[in-house]
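Please look at the sequence and the 3D structure below. The paragraphs after them take the structure one part at a time.

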Amino acid sequence: MPQRPHFLQPLLTREAGSVEDWSIHVEGRQAPLATRLEGAFDSGSRNRGLLGRNGLAPGTALVIAPSQAVHTFSMRFPIDLVFANREGVVVKTRTAVPKSRIAIALRGFAVIELAAGAIASSGVQVGDRLTIRKNIK
């Protein structure tokens, strides 16, 4: 049975280019949630996540899919988490998650990892719809 489309589909097309050419937005809000996306769409990159890094630049997000859970064991910095379902609807958020934690959203399809404080500054909340847009250069 074929997989049904999801909100991240534009990032997976052959014509997508670099995921750094894309941004993620909250419908109805002016400012984007992130202007530079890094994708973790295969087993290796999903397992690696942000491990070994000292931080995540403002405006940058690591998009992990498919995933319903992440951990912050061995992380060096706190992160904000946005869980979204296949349609891009936010089903859960967690702010400033410190090291040595697990976060799970059983209704989630993707996890967006952001620098701590990104959720507060963007105002994203459960029920919001996320969209992917190509950055204009």
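Ala96 is placed in strand β6, which covers residues 90-97. The structure is a predicted model, and Ala96 has a backbone feature that can be looked up in it: its phi is positive, about 45°, although Ala96 is not a glycine. Ala96 has a relative accessible area of 42%, so it is partly exposed.

Ser74 is another residue, not a glycine, with a positive phi, in this case near 70°. Ser74 belongs to the loop between β4 and β5. Is Ser74 buried or exposed? Its relative accessibility is 61%, and therefore Ser74 counts as exposed. Buried would require a value under 20%, and exposed requires one over 50%.

A further backbone feature involves Pro66. The peptide bond that leads from Ala65 to Pro66 is cis, and its omega is near -10°. Pro66 sits in the loop between β3 and β4, with β4 covering residues 69-71.

Now turn to the interior. In soluble globular proteins, nonpolar side chains tend to be buried together. Here the largest nonpolar core has 24 residues, and the members that touch the most others are Leu8, Ile24, Leu37 and Leu130. Which elements give two or more residues to this core? They are β1, β3 (60-64), β5 (79-84), β8 (110-115), α3 (118-122) and β9 (130-134). Another core lies apart from this one and holds 17 residues, including Ala40, Leu50, Leu56 and Ile64.

Ser23 is found in strand β1, which runs over residues 22-26. The relative accessibility of Ser23 is 3%, so Ser23 counts as buried. With what does the side chain of Ser23 make a polar contact? The partner is the side chain of Asn135, at 3.0 Å. When neighbours within four places in sequence are set aside, Ser23 is in contact with Ala34, Thr35, Leu37, Thr131, Ile132, Arg133 and Asn135.

The charged residues come next. Side chains of opposite charge can pair when their charged atoms come close. How many salt bridges does a search of the whole structure find? The search finds three.

One of the salt bridges is between the side chains of Asp128 and Arg29, with 2.9 Å from N to O. This pair links distant parts of the chain, as its members are 99 residues apart: Asp128 is in the loop between α3 and β9, while Arg29 is in the loop between β1 and β2. Asp128 counts as buried because its relative accessibility is 13%. Arg29 counts as partly exposed because its relative accessibility is 28%.

Another salt bridge joins Arg36 and Glu38, whose closest N and O atoms are 2.8 Å apart. Arg36 has its place in strand β2, residues 36-40. At 30% relative accessibility Arg36 is therefore partly exposed, whereas Glu38, at 15%, counts as buried. Apart from residues up to four places away in sequence, Arg36 touches Glu20, Trp22, Gly59, Thr60 and Ala61. Between the C-alpha atoms of Arg36 and Val63 the separation is 10 Å, and these two residues are 27 places apart along the chain.

Glu38 also meets Arg53 in a salt bridge between their side chains, at 2.6 Å from N to O. Arg53 lies in the loop between α2 (43-48) and β3, and Glu38 in strand β2, so the pair, 15 residues apart, links distant parts of the chain. Arg53 has 28% relative accessibility and thus counts as partly exposed. Through salt bridges that share partners, Arg36, Glu38 and Arg53 are joined into one network.

Last, consider the aromatic rings. What does a search of the whole structure for aromatic pairs find? It finds zero. The ring of Phe109 does have a charged residue over its face: Arg86 lies there, at 4.7 Å from the ring centre.

Note on methods. Residues numbered from 1 in each chain as written. Predicted model: local features only at pLDDT ≥ 70, side-chain atom pairs only at ≥ 80, totals over all residues. Heavy atoms only, no water. Helix = DSSP H or I, 4+ residues; strand = E, 2+ residues; numbered from the N terminus. Buried < 20%, exposed > 50% of the residue type's maximum accessible area, 1.4 Å probe, protein only. Polar contact = N/O pair within 3.5 Å; in protein donor to acceptor, adjacent residues only side chain to side chain. Contact = heavy atoms within 4.5 Å. Core = buried A, V, L, I, M, F, W, Y, C linked by side-chain atoms within 4.5 Å. Phe/Tyr/Trp six-rings, centres within 6.5 Å; stacked < 30°, edge-to-face > 60°. Lys NZ or Arg CZ within 6 Å of the ring centre and 35° of its normal. Salt bridge = Lys/Arg side-chain N within 4 Å of Asp/Glu carboxyl O.
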